[in-house]
Amino acid sequence: MNIPEINIYSILPIIVLSVFGIAIMVIEPFLPSRNRATSSPMGWLAFAGTLAAGVAIIPMRNHPGQAYSGLWIVDEFSTFFHVLFIAIAGMTTLLSIDYLRRESINHGEYYALLLFATAGMLVMAGSNELMMIFIGLEILSIGTYVMAGFRRTDLRSNESALKYFLLGSFASAFFLYGVALIFGATGSTNLISISAAMARPDIQSSLVYLSAALLLSALCFKVAVAPFHIWAPDVYEGAPTPITGFMSVGPKAAGFAVLFRLFMTAYPVIEDRWTDVMGVLAALTMILGNVVAVVQPNLKRMLAYSSIAHAGYIAVAFAANSQQGGSAALFYTLAYAAMTLGAFAIVTILSRAKDEKVQLGDYAGLATKRPGLAALLSLFLLSLAGVPGTAGFAGKFFIFRAAVEANMTWLAIIGVLTTVVSFYYYLYVIVQMYMREPGEDFSDARLTPALILVLLIAVSGTLYLGILPGKTLEWTAASALHLSL
Amino acid sequence: MQLDKLILTLVTFTPLLGAIALLLFSRSNLKAVRGFALAVALLTFVLSLHLIAHFDPAQSGFQFVVDVPWIAAAGIDYHMGIDGISVYLILLTTALTPLAILASWSLTDRTKEYFLFMLVLETGMIGVFAALDLFLFYLFWEIVLIPMYFLIGVWGGERRIYAAIKFVLFTMIGGVLMLVAILALYFMHGNATGDFTFSYPAILATLSEKGFALTPQAELLLFIAFFLAFAIKVPLFPFHTWLPDAHVEAPTAGSVLLAGVLLKMGTYGLLRFSLPLFPNMSHLLAPLISVLAIIGIIYGALVAMVQPDLKKLVAYSSVSHLGFIVLGIFSFTVEGIEGAVYQMLSHGVSTGALFLLVGMIYERRHTRMISEFGGLANRMPVYAAVFLIVTLSSIGLPGLNGFVGEFLVLLGTFGVSPGHAAFAATGVILSAVYMLWMFQRVVWGEVTNPHNESLMDINAREKLTLLPLLILIVWMGVYSNHFLRPMDASVTNLLNRVENPQGGDVRTVEKLFR
């Protein structure tokens, strides 16, 4: 028997994240606990871990191709998501440092879980095999379940975790069932072998369809595409704010990474079917997310519905099933991460212990009290709405371009019209901040170095991707090139 | 010349740079903030004079063109240029903005943000008129909404929030459909020619010469999508309902720029994009659109007549005047189109002045109700004199600016359809009715309301604000050729394109609908 070659470089970022995660767990008990209210050495250690993992991408990228008997693949597509996920993890870590102190839940495990969950996302992005994808999915999910319930004395946080866990388990079961069926039909769980087996004449088409439907449902659950989105608002509202930010960008992008790789690699044979289904789901998601977001009085919940709507936009790019679509989706996940984490950073800064001051009414007159924060939040919201000159617009533009190219003009029309709806609720927050009389006192909202760093990254990302998207678009186009075989 | 390549970019982005520089100013230093904003706007105006000074009227194509790749992977260029039509609209913008800033001199609430938005707005407006890349055009088109949204929503009247959101949503709906149409056009053009580009001149060139023809169905859908965006912006009846709200609630300077420039973005879009890109559909639907324009003319005038609120009256008069512009555009005659462009400028000047005048008495009395005034001539003689000239200009008195445009439009329309011209001409009469009646109630007679006894006449700053507009009113009325001749080449060129559409033929298109 051959011992497969161990290529440590191709999984170096995962190793780095895991080592840092374990280190945090090991070191933390030895630290004096009295400093917890004032300093967060573990938070900064986790941040260092994400930086190191980011550096580790370089050697990984230099070892392209399959590894570990075809379980793992390093290509431009997975490299892109490595960069994205590690960046998200770094920003979330920075966001969490002050939040955890304020909520008096400054425990090291949180950061360890965050790093492990990120490692899970990396596994999802680089796997070329269904069981590996499942393992990544579970690593990510279990970490997120715990983080969602991390404010364990808060009822809503508990509700959030439990809901996410129960429905997430269903999704996992769906996924596994789908894997089992496709294994039954093709005799393999490797994406490339599955794709090859699909071409055989004796393939049982009912198994193929059923497995595709199950896998699609499971992943739609993860990315919160309607009608699998029901869990999202409650979970997002109850989770700690930085984790809400993390969940609305990270696992969503990871889910889409798998959707793209899985369906474009393994299921091109039935692409007519799944693109149609995905088109309908995308339309439904955009309409539902945007329309329901209009009536939300709570900013976190509003952002939850808006995040559902944004999943709908990415789903449009997925349904386009083309290189342009892939490129647009990758671009959008990047743009969406920058603007969403920016918005959540502001919400984190302004909210108080126990998540007070997240009602829209609390933001009344913010522009007179904290003009800088109000201006930044406006920028992020306008970008989410898709105002030209911001990342959100460039992203939507590329997505609708892909849809029109794929002869899905109807989907693009629904997309742009729901964008108009989204303007209403994003602008409504701006109405509160700029056009209403000042209410709450925000003078004690503190800007710490960590938060300033997050805001800097988010603002420069939002503007850079909006004004000069060219270079990034070339990168995402090159990354998406590796998708279809 | 190097400057010729750079000048459009300079004119467009000077206000934006000014706005960014304004961020560095201290909030409390009111004088420095508004002084700086005015200086930036004046500088922009001076720069824009270069455009008209070095404009070559003999050329029909675009001038001062700059074309550099921007997002190469998507075929998007930074492509700007102007012709005999857009050069005036840019000048109108750069001329009205400093006046609007002057008119906001007494503002004290959040001045820094206010002037910042004014300057951003100016960049957006100039960009719309200068962009030659469809993507770039759309970008400026939408950018304009945001500063205007803030201007109305923060510094507006009672129902400002409602008006601001209504303004944004109405305009957005048209705009986003245009975006889809732009994308569809891009792919049709790209698939047919292999050249995936958003460049308007490139698409137009292949549309008229190299055998890239749109199918009638495609042309119809694209036309409707573009038309809807422009018609809402104009606003053409029945898409006008956002306009009175926005005008009434907007601060004076906002109304000046809204009526003076923003509405012209719609008519400019019709001229620049709808007609040349979709000549068959423009011809086919012209009768319908002309009827809507005429309804707008008469309906706007009738509704203006019964308004108790000065600003609402001027707002509805805009609906009426803009109807003339659309009518002229869809007459497909040189007179009609030149008249339309002339009316665009002239309406910007007269209505801009009217809003300034209304703003001046509003600042003094904090009401705009016609019934609250009366006999202002006794207390504010200079004001009354200026008001009279502007009123007459708005009515279209020969010798003043308003006459030229309306006359040319009616002349052009009459040649094509005397009936349309006859109905439209009633709009001229009605405008005399509502404007003079309003003027009589506000300015003539005895002072009946004791609040008006102590009114001060307009001060030096206000005179300075109005003077340039008065000069323009007379200048444009007397020496209309100064303005008309430089557009000749561009308008003829446009008409050539519209009258000789390649590929589809109007009659085959008509068959489609039988």
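**Packing and pairing in a predicted two-chain model**

Biologist: Is B:Leu220 buried, partly exposed or exposed?
Modeller: A residue is buried if 20 or more other C-beta atoms lie within 10 Å of its own, exposed if 12 or fewer, and partly exposed in between, with C-beta atoms placed from the backbone. B:Leu220 has 19 other C-beta atoms within 10 Å, so B:Leu220 is partly exposed.

Biologist: What kind of model is this?
Modeller: Residues are numbered from 1 along each chain as its sequence is written, while chains are lettered from A and ligands numbered from 1 in the order in which they are written. Local features need pLDDT of at least 70, side-chain atom pairs count only at pLDDT 80 or more, and totals for chains, interfaces and linings use all residues, as this is a predicted model.

Biologist: In which helix is B:Leu220 found?
Modeller: Helices (H or I, at least four residues) and strands (E, at least two) are DSSP runs, numbered from the N terminus. B:Leu220 falls within residues 216-233 of chain B, which form helix H9.

Biologist: How many residues of strand S2 of chain B are buried?
Modeller: S2(B) covers residues 76-82 and is mostly covered. Of its 7 residues, the number buried is 5.

Biologist: Which residue is the bridge partner of B:Val66 in S2(B)?
Modeller: Strands pair if DSSP finds at least two bridges between them. Strand S1 (residues 63-71) of chain B runs antiparallel to S2(B), and 6 bridges join them. B:Pro69 stands opposite B:Asp77 in S2(B). For B:Val66, the partner in S2(B) is B:Met80.

Biologist: Which residue in the hairpin of S1(B) and S2(B) takes a positive phi?
Modeller: The hairpin has 4 residues between the strands. The residue with a positive phi, near 70°, is B:Gly75.

Biologist: Are H10(A) and H12(A) roughly parallel or roughly antiparallel to each other?
Modeller: Axes are lines fitted to C-alpha atoms, for helices over the stretch in contact, and angles run from 0 to 180 degrees between N-to-C directions. Under 35 degrees counts as roughly parallel, over 145 as roughly antiparallel, 65 to 115 as roughly perpendicular and the rest as oblique. Helix H10 (residues 241-266) of chain A packs against helix H12 (residues 299-320) of chain A at about 15°, with the axes 11 Å apart. H10(A) and H12(A) are therefore roughly parallel.

Biologist: Is the crossing of H13(B) and H17(B) left-handed or right-handed?
Modeller: Helix H13 (residues 310-329) and helix H17 (residues 401-416) of chain B pack at about 40°, with axes 9 Å apart. That makes H13(B) oblique to H17(B). A crossing is left-handed if the near helix is turned anticlockwise from the far one by less than a right angle, and right-handed if clockwise. The crossing of H13(B) and H17(B) is left-handed.

Biologist: Which helix gives the largest share of the side of chain B that touches chain A?
Modeller: Two residues are in contact if their C-beta atoms, placed from the backbone, lie within 7 Å. The contact takes 27 residues from chain B and 26 residues from chain A. Elements that each supply at least two residues on the chain B side include S1 and helix H5 (134-143). The largest share, 14 residues, comes from H7(B).
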